[in-house]
Structures are given as structure tokens and as C-alpha cells.
Amino acid sequence: MRAIYATRGGGDDPLANLEIGERPVPDPPPGFARVRVTASSLNRHDLWTLQGVTGEPITFPRILGCDVAGTVDAYGPQTPETFPPGTPVVAHSLITCGRCEACLGPDETLCQHFAILSDGPYEGTLAEYTLVPAANLFLLPPQFTDAEAACLPTAYLTAFRMLFGRARVRPGDTVLIQGAGGGVATAAEAIARLAGMRVIVTSRDATRRQAALARGAHHAVETGRAAAGEILGLTAGRGVDAVLETVGEATWATSLRAVRPGGTIVVAGATTGANPKADLARIFWRQLTVMGSTMGSRAEFAALLRFAEVSGLTPMVDSVVPMDQAPAAFRRLAEGTALGKLVVRIAPQPR
Ligand SMILES: NC(=O)c1ccc[n+]([C@@H]2O[C@H](COP(=O)([O-])OP(=O)(O)OC[C@H]3O[C@@H](n4cnc5c(N)ncnc54)[C@H](OP(=O)(O)O)[C@@H]3O)[C@@H](O)[C@H]2O)c1
Ligand SMILES: [Zn+2]
């Protein structure tokens with residue numbers, strides 16, 4: 001089968017590790033389903049893999065991609081069929097052990113053996129076929145194209161959990177979303193707006209700030225030293241209730257200064273570096289909560305799909321490119337010029 005994979009991780013030019021070629025069609029083991037992939041979206045995670053930065057040690061070549069929409073193709077031995085073969089599906093991309101205390105409790109994202117597709121021992125989704133736990137399959141929401149659905153499992157689920165599972169914001173609250181162009185940031189912006197929050201985004205780029213305002217963000221502020229003061233001005237000096245932080249070092253100081261006393265900063269990424277000045281005095285004096293967030297549980301994925309159905313949420317797709325143009329899409333992801341999600345078309349849409 002054709003696949004997009006990393007030949008190795010690291011080196012001076014990580015994008016040179018990207019290759020498109022033939023890989024064997026995988027056989028599903030017990031508990032797994034094989035999905036015939038039609039659309040898969042790119043994430044910063046794929047760039048980390050090309051850079052050799054992985055949560056668990058991985059072997060190469062490694063098929064990239066965490067997100068998949070497609071049709072059910074086959075099941076492993078002794079695996080109850082979640083949906084009949086041929087059914088259009090989207091997959092929750094988290095794989096957990098199912099046996100540990102976390103898995104048996106309410107939040108399996110805390111599993112010690114947690115992995116996402118393309119991580120640890122699991123191949124990714126940028127291929128004609130991919131394997132996912134049968135229990136991770138969900139019906140492709142009928143209101144979405146497969147390309148839109150392929151945006152949900154990583155970026156949209158991460159944003160959904162940051163807002164509701166972690167920050168626990170409510171309608172009427174003000175949230176600051178750092179970065180107006182990234183996959184998680186555009187997802188958070190759309191979800192927060194539809195859930196009745198006041199949304200402030202930051203971006204380095206004037207066009208991206210304008211686009212955010214046109215989509216319905218209440219305010220768009222230029223990233224940089226003056227941002228915190230501007231945000232305090234927009235909130236009558238009070239500060240925002242919650243900050244969604246995925247940019248890291250470039251925006252951390254603004255996050256700490258723009259949040260209200262007692263407010264929350266949820267961190268799910270650090271694209272520009274993971275070690276900003278912590279400013280502990282500010283954290284304790286203003287009684288801030290800083291919390292991490294990663295992906296989301298199966299129940300949160302189901303809740304996201306329900307939210308999308310009732311709210312009219314539509315994932316923001318920058319573009320859908322054929323497999324042979326994936327290297328250019330990876331370059332755009334690395335340069336940060338995409339607006340929303342980059343999707344790779346693997347096979348024609350199922351319906
Ligand atoms: N924990 C999880 O489960 C999880 C899930 C998904 C993603 N992530 C992580 O979250 C981060 C975001 O990923 P993503 O795919 O949404 O997008 P991304 O391509 O990493 O971009 C994120 C944002 O960073 C901003 N940015 C990039 N370079 C910058 C710089 N030098 N200065 C200021 N801002 C800069 C961009 O904003 P502007 O260009 O608009 O300024 C963009 O909106 C990544 O680090 C990723 O690994 C984590
Ligand atoms: Zn577990």
C-alpha cells in the first residue's frame with residue numbers, strides 16, 4: 001500500500017526524512033480493526049516525529065499521521081464488529097492499555113501505557129490502510145465530509161478537553177487563545193465561540209488576525225510584548241478567565257499577565273519551546289492554576305461529536321492535498337503558514 005512515512009528521526013533537515021512509498025498492508029490483531037483510509041490530517045506531532053522527538057521510543061520507518069476518516073475494512077480475530085465493513089468512520093486516536101487504574105477509572109488519558117496513532121508501537125494513518133482499536137471507531141458524522149472529520153481526533157479533541165475537561169469554562173467567560181492559525185487554536189476558537197464565550201486570539205500575522213475577526217472572534221491581538229496590556233484593556237483591567245496555551249515560550253509571559261487573579265492557564269503544547277521563565281511569584285500571588293492537557297478520552301470524543309452536531313461546528317480546513325503533494329503540505333505546517341488544518345486525500349470520499 002502507499003504510505004507517507006519517516007525514514008528516521010532528527011538531523012539538520014527533518015523534512016528530508018519524509019518519504020512516500022510502499023509499505024505492507026497491515027493485518028489487524030485481536031481487538032483491532034483495519035480502516036481503509038480516505039482522509040488524514042497533519043499535526044505538529046508528525047513534525048516532532050520527523051525531528052526524532054517522540055513520547056515513546058519508536059522504530060523507523062514509521063508511517064505518520066494521528067487522524068483518520070475512512071471506511072471499515074476488516075477486523076482482527078475474535079474481535080466483535082463495531083460497525084459492518086464498508087461503514088464510513090472516524091477514529092478516536094488514543095490507544096490505552098484498558099487494564100490499569102486510570103483505564104478502569106473515569107479518565108483513560110492518564111493511562112501509563114498511553115499512545116496515539118503513529119506513536120509507540122503503532123503505525124500512523126497517512127496510508128491506504130491503518131489499524132485502530134475496534135472500540136475507537138465512531139460513525140462518520142453525516143454533516144461532515146471525510147476531510148472535515150479527519151480534523152477532529154487530535155486538534156479538535158485537544159481543544160474540546162482544554163476548554164471543558166480542564167479549564168471548565170462556562171458560557172459568558174472570556175478565553176484567550178494563543179495563536180490564531182494553528183490547528184488546535186482554530187479549533188478552540190470555533191468551539192469557544194459556539195459555546196457562548198468571549199474569545200480573544202493572538203497572532204503574529206495581521207491577515208490571520210483579520211481572518212479570526214471575520215470568523216467571529218471578539219478580539220484579535222498582535223503577539224508580542226504589548227499583548228498583555230492590550231488584553232487587560234479589552235477586559236476592563238480584569239484579565240481573562242482562562243488561557244489556552246499551545247505556543248509556549250513565545251507567548252507564556254503574555255499568558256501569565258493576561259489571566260485574571262484565580263484564573264486558569266491550560267497548556268497542551270509548546271511549539272516555540274517548553275522552558276519559558278516560570279514567574280512563580282505571579283502564579284502564587286495571583287493564585288493562578290496552571291494545568292496540562294493532552295488529547296481527550298473516548299467519552300470526550302463522543303461528546304465532541306455530539307457538540308458538533310448540535311452547534312453546527314465545522315472544522316476549519318486550510319486545504320486538502322493529494323498524497324504526492326504531502327511534502328509541500330508538511331513544509332507549510334513547519335513554516336506555520338497554514339490557516340486551520342492541512343488534510344491529505346488518500347482515497348476518494350466514501351459517500
Ligand atoms: N497535548 C496534546 O494532546 C496536543 C494535541 C495537539 C497539538 N499539541 C501541540 O500543540 C501545539 C500546537 O499545534 P498545532 O498543530 O495546533 O499548531 P502549530 O502549527 O504548532 O501552531 C501553533 C501556533 O503557534 C503560533 N506560533 C508558531 N510559531 C510562533 C512564534 N515563533 N511566535 C509566536 N507564535 C508562534 C502560531 O500562531 P500565529 O502564526 O497565528 O502567530 C500557531 O497558531 C504543538 O506544539 C503540538 O505539538 C498537543
Ligand atoms: Zn491503562
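The structure is a predicted model, in which local features need pLDDT of at least 70, side-chain atom pairs count only at pLDDT 80 or more, and totals for chains, interfaces and linings use all residues. Residues are numbered from 1 along each chain as its sequence is written, chains are lettered from A and ligands numbered from 1 in the order in which they are written, and side-chain values use heavy atoms, with hydrogens and water left out.

**Zinc site**

- Cys97, Cys100, Cys103 and Cys111 coordinate the zinc ion (ligand 2) through their SG atoms, at 2.3 to 2.4 Å; donors are N, O and S atoms within 2.8 Å of the metal (3.2 Å for Na, K and Ca), and sites may look incomplete because water is not among the atoms.
- Along the chain, the donors of the zinc ion (ligand 2) have the spacing C-x2-C-x2-C-x7-C.
- Cys97, in the loop between β7 (94-95) and α2 (101-104), and Cys111, in the loop between α2 and β8 (115-116), are 14 residues apart, and the pair links distant parts of the chain; helices (H or I, at least four residues) and strands (E, at least two) are DSSP runs, numbered from the N terminus.
- The arrangement around the zinc ion (ligand 2) is tetrahedral because its four donor atoms subtend angles of 104 to 116°; four donors count as tetrahedral if all angles lie between 85 and 135 degrees.
- Cys97 and Cys111 are both buried, meaning under 20% relative accessible area (1.4 Å probe, protein chains only).

**Asp107**

- Asp107 is located in the loop between α2 and β8.
- Its side chain makes a polar contact with the side chain of Thr109 at 2.6 Å; such a contact is a pair of N or O atoms within 3.5 Å, and within protein one must be able to donate a hydrogen and the other to accept it, while residues adjacent in sequence count only if both atoms are side-chain atoms.
- Apart from neighbours within four places in sequence, Asp107 is in contact (heavy atoms within 4.5 Å) with Ala102, Arg161 and Ser297.

**Helix α7**

- Ala227, Ala228 and Ile231 are buried in helix α7 (residues 227-234).
- These residues lie on the same side of α7, because they cover an arc of only 95° around the axis; the arc is that of the directions from the helix axis to the C-beta atoms.
- Among the elements covering the buried residues of α7 are β11 (174-178), β14 (240-245) and α8 (252-258).

**Ligand 1**

- A polar side-chain atom of Arg204 lies 2.6 Å from an oxygen atom of ligand 1.
- A polar backbone atom of Val184 is 2.7 Å from an oxygen atom of ligand 1.

Key:
Tetrahedral: all angles 85-135°; square planar, octahedral: opposite > 155°, others 65-115°. Buried < 20%, exposed > 50% of the residue type's maximum accessible area, 1.4 Å probe, protein only.
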